[in-house]
Amino acid sequence: MLLELAIRDLGVIEHAALVLGPGMTAVTGETGAGKTMIVGAIDLLVGGRSHADLVRPGATEAVVEGRFLRGDGGGDGEEIVVRRVVPRDGRSRAYIDGRLATVAELAELGAALVDLHGQHAHQSLLRQGAQRDCLDRFGRVDLTARRTAVDSLRAVEESLATMGGDERSRAREIDLLRFQVGELRDAGLTAPDEDDALETEEDVLSDAVAHQEAAALALELLGGDDAATDRLGAAVHALDGRTPFTAVAVRLRSLADELADLVRDLRAAGEAVEDDPERLAEIRVRRQLLRELRRKYGDTLADVIAFRGEAEQRL
């Protein structure tokens, strides 16, 4: 049963929307108003033939959508939405509940949804499918195995459809996938946070000389002649053994030990900074490559790595 019909750019109809209530609905109008187009729209939804002449002048495609109720007439059936797109150039497209479908599937489904009567259409009893259905019901034939086989075949056909169109289309996609997979494999991506690590290393190397100079100055101020460590040691010596300052001397001695550790850590950190122009150049080239890969394959390196896996599987 048809519940709702929407038409756009079909014949003389620019846009029409019909919500059908229970009982009989009569569509009337003058000659050329588009009554035949409404019947033609329903015919498209149930697998009727399409041609470019159906598209309204000035439009690129005609679109027909229908909402149907499939059931026993009690009003508690299953709602199904069918869509048919007829372009001015190329083949028509069909959708059932948003899923791509073939015209043959529309015809099979339409036989259970609508019965069109007219001088250019056949009644349902004249269709082979309806005749076979009546015979099966009369003979109490169990169709479970057949339905299972049909569903399996449809799944295989859908799987094949995802593998591309004709041989040339598949060859073009294979070439593209080979290039993408090769480029991503050559890049050797392993860690999604690689660019963050490279950015930190680049920051150190790009200012290595200044980092070394800063460390040297800090070491001189802390551990040079007459520097902080010497003065702190002298203060500890001055207070050592003097009862009024026992607690303060303990804190100063602890502070002196901590400062000595800090000086050692600072010296090690300064010595670890190396001025390496070649490594800096390598990092910048690598980061540029990672930016290019993100531009083409994903917002993050994790997205790029995921795309590589998908492309490998697709290939």
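## Helix 5 and the chain around it

The buried residues of helix 5 pack against helix 10 (277–297) and helix 11 (301–314). This is a predicted model.

Which residues of helix 5 are buried? They are Leu177, Gln180, Val181, Leu184 and Ala187. Seen down the axis of helix 5, these buried residues fall within an arc of 115°, so they line one face of the helix. A general rule of geometry fits here. An α-helix has 3.6 residues a turn, so residues three or four places apart point the same way. The other side of helix 5 carries exposed residues: Glu167, Arg168, Arg172, Arg178, Arg185 and Asp186.

Helix 5 covers residues 167–187, which makes 21 residues. Gly188 follows helix 5. The phi of Gly188 is positive, near 65°.

Now the whole chain. Its secondary structure comes to 11 helices and 6 strands. The radius of gyration is 39 Å, well over the 20 Å that the globule rule gives for 315 residues, so the chain is more spread out than a compact globule. Further values for the chain follow.

| Property of the chain | Value |
|---|---|
| Span of the C-alpha trace along its principal axes | about 120 × 50 × 50 Å |
| Buried residues | 26% of the 315 residues |
| Accessible surface | about 21,400 Å² |
| Part of that surface belonging to carbon and sulfur atoms | 53% |

Contacts also reach along the sequence. Among those between residues at least 6 apart in sequence, 59% join residues at least 24 apart.

Terms used. Residues are numbered from 1 along each chain as its sequence is written. This is a predicted model: local features need pLDDT of at least 70, side-chain atom pairs count only at pLDDT 80 or more; totals for chains, interfaces and linings use all residues. Side-chain values use heavy atoms; hydrogens and water are left out. Helices (H or I, at least four residues) and strands (E, at least two) are DSSP runs, numbered from the N terminus. The expected span of a helix is 1.5 Å times one less than its number of residues. Buried means under 20% relative accessible area, exposed over 50%, partly exposed in between (1.4 Å probe, protein chains only). The arc is that of the directions from the helix axis to the C-beta atoms. Contact means heavy atoms within 4.5 Å. The radius of gyration is taken over C-alpha atoms; the globule rule is 2.2 Å times the number of residues to the power 0.38. Accessible areas come from the Shrake-Rupley method with a 1.4 Å probe; for residues, only the protein chains shown count as cover.
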